[in-house]
Amino acid sequence: MMIPYGRQNISSADIQAVVDVLGSDFLTQGPAVPAFEAGVADYCKTKYAIATNSATSALHLACLALGVGFGDIVWTSPITFVASANCALYCGAAVDFVDINPDTFNICPEHLASKFEMAERAGRLPKVLIPVHMCGQPCDMERIRGLADRYGCRIVEDASHALGASYQNGEPIGNCLYSDMVVLSFHPVKMITTGEGGMVLTNDETLARRVRLLRSHGITREPAGMVQEPDGLWYYEQVVLGFNYRMTDIHAALGLSQLGRLDQFVSDRRAVARRYNDLLEHTSIVTPLGHQISESAFHLYVVRIPGKIRRAVFNALRTADIGVNVHYIPVYLQPYYRQLGFIPGLCPNAELYYEEAISLPIFPAFSVDQQDYVVRSLVTAVSGCTS
Ligand SMILES: *Cc1c(COP(=O)(O)O)cnc(C)c1O
């Protein structure tokens, strides 16, 4: 059987939590969603948490809550899942990409600084910047926040990889100290899962209220948020055009149960990363240099293999039943983005990274024997390709 690059970890307590909801009065819009939201808010030390049916929905709502629309520009990293950029297009805005630092795979603060300067001169400053904590390694948020503040740009952190990680100051990812909002994903390969699911975190009450309104059709039942006098106890008002992006109680119960094991998941992933670092130390394989064990959540462990042999090494590992992957194809090289006018060469570090990257398996229940097999297969494949 193929060893996957990532996999959920489901306990009997997780299963029981889901079964309990199935036998309860509420499958959705019940008490499990607010309980999960409160749990994550508490873990991340943030005031407000709004659960959604995916991180993609959460990114869309975060952009809408900041007023992103036609004529606006949103910047993100090219080395991310397409959803980090698509959210701006959903709102009718334009997207642009800031090149990465080759050691951290995150948005490079130097590139960001010069891109801001050029954008200011051209009168094309972005409204929102979406830094992505790639692989679970936090971006340099202090510098990014400093730059964004100077140019009046808002920040939404895409922390889909990084729940359980900590900023350079030791504070938990998601506390919104450096941003307006933080988005999380609960897809099964991510740090904890709800099957499908996501969340918006914020310390700003107005943004929280907007996100909550947009999550559920733009409908309010609170008289304070209404335009007209309530007509009766049944009365509700749709005041903006929203969506149904709600999470169900079934999903939330799984998430809350998983949250209790998040610290264990992170320490298991860090142990795998530390062991990869040790086992690969005296080989030609480039381990993730800028990734600090004490900070990263290690959603992914990406090694770099010279571009000439990467494809052959990748294929050899797949043949050995190892589910290696490549995260990610630079977003602007996707056909949809090419058709918007993006061309190769925009972000050279990102394109070189893409030529060389291989994501090795990493997940909480990954065994030492499996890891030894992966490392042995990798070293054999690389030496077979170089000799
Ligand atoms: C997984 C992921 C998303 C999308 O998450 P969904 O919950 O699947 O919508 C967005 N951004 C990044 C960086 C991701 O890894």
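A pocket is an open set of points on a 1 Å grid over the protein atoms alone, where a 1.4 Å probe fits and protein lies on both sides within 12 Å along at least five of seven lines. Lining residues have an atom within 4 Å of a point.

Two quick notes. This is a predicted model, where local features need pLDDT of at least 70 and side-chain atom pairs count only at pLDDT 80 or more, while totals for chains, interfaces and linings use all residues. Residues are numbered from 1 along each chain as its sequence is written, and side-chain values use heavy atoms, with hydrogens and water left out.

Now the largest pocket. Its space is about 780 Å³; that volume is what probe spheres set on the points fill, with points joined across faces, edges and corners. It has 27 lining residues. Nearest its centre lie Arg212, Leu213, Ile219, Thr220 and Glu222.

Which element gives the most to this lining? Helix 7, with eight residues. Helix 2 (32-44), helix 7 (205-215) and strand 8 (219-220) each supply at least two. Helices (H or I, at least four residues) and strands (E, at least two) are DSSP runs, numbered from the N terminus.

By class, the lining holds ten nonpolar, eight polar and nine charged residues. Nonpolar means Ala, Val, Leu, Ile, Met, Phe, Trp, Tyr, Cys and Pro; charged means Asp, Glu, Lys and Arg; the others, Gly among them, are polar.

Next, the second largest pocket, at about 320 Å³. It is lined by 22 residues, with Phe81, Ser185, His187, Lys190 and Tyr328 closest to its centre. Helix 3 (55-65) and helix 4 (83-90) each give two or more. Helix 3 gives the most, three. This lining has eight nonpolar, eleven polar and three charged residues.
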